Amino acid sequence: MHAPSGAFGAERIQPPWLEQALAPWRACRQRILVVADGALDFNESNGLGLTELLGTLATSDPFGLHPIVTIAHRDDNERKASVAIKTRFAFLRDFRFIDANRPEALMHGDDRHFDQIWLFGSGTVPIADDEVRVIARFMQARGGVFATGDHEHLGSGLSARLPRVRKMRAWFGPPSPGRPRYDNVPMLYDGCDIAPRRVFAHVSSQAPRCWIVHPLMRQGARSGASFGAISVLPRPPRDVECLSGIALGDAYALVNGVDPNEFPMLPFSRVRLSPEIVATALSSARHVDQGPTRPRCIGLISAYDGHRVGVGRIVCDSTWHHFINVNLNGMGADPPHRGLYDRLGYPTEALRDVTRYYENIAGWLGQVRHCRWFVDILVQRFKTPLLEELVDAHATPQWAQCVDLGHKVGAALDAVRGRGTGFDLVRDALVDLPAASALAGIHEVDALARYEPALLPSEEFASGLLGAMAHEVIARLPDNAWELAPRFTAMARPLELADHVISLGLERGLKLAAAYYEQAARHTLDLVHALQPVRVEPAS
């Protein structure tokens with residue numbers, strides 16, 4: 001069995017004070033339930049196993065707030081998870097999405113036991129209506145969902161009847177009788193191909209700059225990253241298409257008791273929030289036992305930012321070949337069966353792209369938690385360059401200082417989590433304010449086409465709000481990083497503190513922005529009036 005040293009995520013070098021300082025914030029970690037069925041399982045020796053993925057999730061946060069991962073299989077079989085995996089993760093067999101007072105319940109009343117569910121399906125028998133209703137209620141409560149399958153109708157049993165998910169991927173082929181094949185590569189090495197495929201990240205529709213890609217496809221600052229975007233994924237034998245949603249206004253009617261308003265409208269709008277394709281790839285190859293296929297671009301990953309309409313986020317992937325062992329490690333220790341590891345067993349740059357994609361899913365799907373942003377700003381405060389640049393971190397800033405601080409904090413966050421992360425913090429903070437959907441560059445680049453025209457400079461505005469929130473965090477931190485642990489360990493409710501601080505920073509930032517832009521608008525209006533030509537009456 002292939003067991004490279006980097007199998008469970010790239011090692012991260014952390015400052016010595018960080019682990020103790022973050023201890024009070026462990027409650028901020030996401031709770032992820034990974035569910036598989038059929039031949040997919042949690043065994044290292046299985047080519048269709050998900051153990052490489054689990055290793056990445058277990059170390060997926062750059063600052064140590066790794067998710068709490070629970071694994072579950074639909075079969076009543078203890079062997080669906082290896083002994084080694086069961087020592088690291090809680091394992092539930094014969095799993096059903098039930099609404100009962102059991103430890104594995106997805107939801108119980110108004111409480112939920114998980115923040116995200118990841119569905120890896122190969123079965124085709126639909127899950128029970130009761131289970132669909134429980135998952136739908138979980139999604140309405142802002143629970144995040146990831147779903148994938150494979151060619152034809154593999155995976156349709158778990159996901160094809162879930163609201164919104166059902167329209168974000170082609171759950172019933174192709175290939176299938178009467179429909180074209182989307183073959184990709186020859187079936188070599190049990191489905192493994194050591195050359196990853198090139199993928200093309202789309203520009204985010206929520207970005208203030210055209211070069212910012214969706215959070216799912218971002219890379220932090222490192223050599224080889226193409227414009228900060230993930231550029232490769234494993235190469236599956238066949239392709240299935242992800243979709244951006246069709247007939248969004250049709251009522252959901254597959255299961256009684258599920259909200260028929262499947263795709264809610266954006267606030268102050270008659271436009272329904274649609275899923276979007278965030279990455280595409282070229283599907284074209286000659287299969288070993290069939291003829292060549294016609295080249296075409298297909299959607300590989302679709303995303304739905306449900307937080308903007310009060311429901312959970314969703315990610316759909318075209319195939320679980322992007323996640324299973326055989327495509328990552330080749331299921332062998334010697335070449336050529338090494339997958340995306342080099343001859344010495346170390347992760348290649350391609351594998352680092354792939355595992356970053358897994359980390360991005362875990363980070364994006366979760367419900368907005370201000371504690372994550374609090375911790376991100378906290379860590380950056382005591383790292384270069386902010387450690388040297390913030391000389392007087394406690395002085396009350398004006399709007400210009402907020403904008404300057406926002407640029408610095410945003411650059412530091414972008415270097416770790418990918419370009420655009422600072423603007424994500426602002427969007428998350430504003431998500432529950434309905435008017436935020438009208439801000440061009442904060443939520444949609446085409447927002448001004450549907451709202452009254454505005455002259456708000458969205459990039460400056462976002463930087464100012466980020467700076468105001470960052471100032472509120474930094475003002476509560478000691479001057480020395482080694483003093484963080486005793487200060488926060490004594491707190492009874494650190495998560496409530498984070499909510500309060502971020503909300504207070506946002507409130508103050510909006511007040512500063514209102515005063516600043518009101519004054520600027522008055523000055524601009526006076527200037528425009530002063531520029532009007534003086535009418536000269538013709539001589540009589």
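Visitor: Which hand does the disulfide of Cys28 and Cys371 have?
Guide: Start with the torsion about the S-S bond of Cys28 and Cys371 in this predicted model. That torsion is about 80°. The disulfide is therefore right-handed.

Visitor: What is the S to S distance between Cys28 and Cys371?
Guide: A search of the whole structure turns up 1 disulfide. Both Cys28 and Cys371 are buried. Their S to S distance is 1.9 Å.

Visitor: Is Cys316 buried or exposed, and is Cys297 buried or exposed?
Guide: Buried means under 20% relative accessible area, and exposed means over 50%. Cys316 has 0% relative accessibility, so Cys316 counts as buried. Cys297 has 55%, so Cys297 counts as exposed.

Visitor: Which element gives the largest share of the largest nonpolar core?
Guide: This core has 50 residues, and those with the most contacts inside it are Trp25, Leu378 and Leu484. Elements that give two or more residues to it include α1 (18-22), α8 (370-381) and α14 (494-530). The largest share is 9 residues, and it comes from α12.

Visitor: Which residues does Leu484 contact, leaving aside neighbours within four places in sequence?
Guide: Leu484 is among the residues with the most contacts inside the largest core. Beyond its sequence neighbours, Leu484 touches Trp17, Ala21, Leu378, Phe382, Leu477 and Pro478.

Visitor: How many residues are in the second core?
Guide: The second core is separate. It includes Ile71, Ile301, Phe323 and Ile361. Its count is 49 residues.

Visitor: Which strands are at the edges of the open sheet?
Guide: The sheet has 9 strands, with mixed pairing. Their order is β3-β2-β1-β6-β7-β13-β12-β11-β9. Each edge strand pairs on one side only, and these strands are β3 (90-92) and β9 (200-201).

Visitor: What is the bridge partner of Ala201 in β11?
Guide: β9 and β11 (residues 276-283) run antiparallel. They are joined by 2 bridges. The partner of Ala201 is Ala279.

Visitor: How many residues of β7 are buried?
Guide: Gly144, Phe146 and Thr148 point one way from β7. Val145 and Ala147 point the other way. All are buried, which puts the count for β7 at 5 of 5.

Visitor: Which helix does the chain pass through from β6 to β7?
Guide: β6 and β7 pair in the parallel sense over 5 bridges. Leu119 stands opposite Ala147 in β7. The β-α-β crossover is right-handed, and its helix is α4 (residues 129-140).

Visitor: What is the bridge partner of Phe146 in β13?
Guide: β7 and β13 run parallel, joined by 4 bridges. In β13, Phe146 is partnered by Val315.

Visitor: At about what angle to β6 does helix α7 run?
Guide: Helix α7 (residues 349-365) lies across several strands, including β1 (31-36), β6 (116-120) and β7 (144-148). It also lies across β12 (296-304) and β13 (314-317). Its angle to β6 is about 135°.

Note on methods: Residues are numbered from 1 along each chain as its sequence is written. This is a predicted model: local features need pLDDT of at least 70, side-chain atom pairs count only at pLDDT 80 or more; totals for chains, interfaces and linings use all residues. Side-chain values use heavy atoms; hydrogens and water are left out. A nonpolar core is a set of buried Ala, Val, Leu, Ile, Met, Phe, Trp, Tyr and Cys residues joined through side-chain atoms within 4.5 Å. Buried means under 20% relative accessible area, exposed over 50%, partly exposed in between (1.4 Å probe, protein chains only). Contact means heavy atoms within 4.5 Å. Two strands pair if DSSP finds at least two bridges between them. Axes are lines fitted to C-alpha atoms, for helices over the stretch in contact, and angles run from 0 to 180 degrees between N-to-C directions. A crossover is right-handed if, with the strands pointing away from the viewer, the path from the first strand over the helix to the second runs clockwise. A disulfide is a pair of cysteine sulfur atoms within 2.5 Å.
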